[in-house]
Amino acid sequence: DRRKELESLFEMEPKISLAEAPKSKIGDAIQGAAEWSGTVELISPLYEKTFDIRFVFLQAQATRMISAIASSIQDLEQNPKRALWLLETAKEYEDIREQLIRAMEGCRVVGVDK
């Protein structure tokens, strides 16, 4: 499973330890904003009838970020096995995003004139 795969990758040299990662104000701010906007996206449909489409958009945004982060880290990764894994992960999530987009191509926005 993915967790065991990650644990194995973390143990490769040079080892990765999240406990020793430096604090990052910008990283914490981005994480907080992403959590807040994601929560709003998932809660607001409780009052509207747009849950399905909001969830798809949220997933498309998340897959784009995962792909971008994996690709960016891959450029800096010193371990060839982890670099390859990151490259494959970036491609996997970009493919998922493309599938989500293709699934939505036939939809149209109500109330928007062309």
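In what follows, Ala, Val, Leu, Ile, Met, Phe, Trp, Tyr, Cys and Pro count as nonpolar, Asp, Glu, Lys and Arg as charged, and the others, Gly among them, as polar. The structure is a predicted model, in which local features need pLDDT of at least 70 and side-chain atom pairs count only at pLDDT 80 or more, while totals for chains, interfaces and linings use all residues. Residues are numbered from 1 along each chain as its sequence is written, and side-chain values use heavy atoms, with hydrogens and water left out.

A pocket is defined on a 1 Å grid over the protein atoms alone, as an open set of points where a 1.4 Å probe fits, with protein on both sides within 12 Å along at least five of seven lines, and its lining residues have an atom within 4 Å of a point. The volume of the largest pocket is about 1100 Å³, taken as the space filled by probe spheres set on the points, which are joined across faces, edges and corners. Its lining comprises 26 residues, and L18, I69, A70, I73 and L86 are those nearest the centre. Of the lining residues, 16 are nonpolar, five polar and five charged. At least two lining residues come from each of α1, α2, α3 (51-76) and α4; helices here are DSSP runs of H or I with at least four residues, numbered from the N terminus.

Between α1 (2-11) and α2 (25-43) runs the loop that holds P14. P14 is partly exposed because its relative accessibility is 36%, where buried means under 20% relative accessible area, exposed over 50% and partly exposed in between, for a 1.4 Å probe and protein chains only. Although P14 and Q78 are 64 residues apart in sequence, their C-alpha atoms lie 7.6 Å apart in space. Residues up to four places away in sequence aside, P14 is in contact (heavy atoms within 4.5 Å) with Q78, N79 and R82.

Helix α4 (residues 80-104) contains R97, which counts as buried because its relative accessibility is 13%. Apart from neighbours within four places in sequence, R97 touches A60, T63 and R64.

Side chains of opposite charge can pair when their charged atoms come close. A salt bridge is counted when a side-chain nitrogen of Lys or Arg is within 4 Å of a carboxyl oxygen of Asp or Glu, and by this rule there are eight salt bridges. R97 takes part in one with E94, with the closest N and O atoms 3.7 Å apart; because R97 and E94 are three residues apart in helix α4, about one helical turn separates them. E94 is partly exposed, at 28% relative accessibility. R97 also pairs with E98, again through closest N and O atoms 3.7 Å apart, and E98 is partly exposed with a relative accessible area of 30%.

Elsewhere in helix α4, D95 and K91 lie four residues apart, about one turn of the helix, and form a salt bridge whose closest N and O atoms are 3.0 Å apart. D95 is partly exposed at 32% relative accessibility, whereas K91, at 52%, counts as exposed. A network of salt bridges links R2, E5 and E92.
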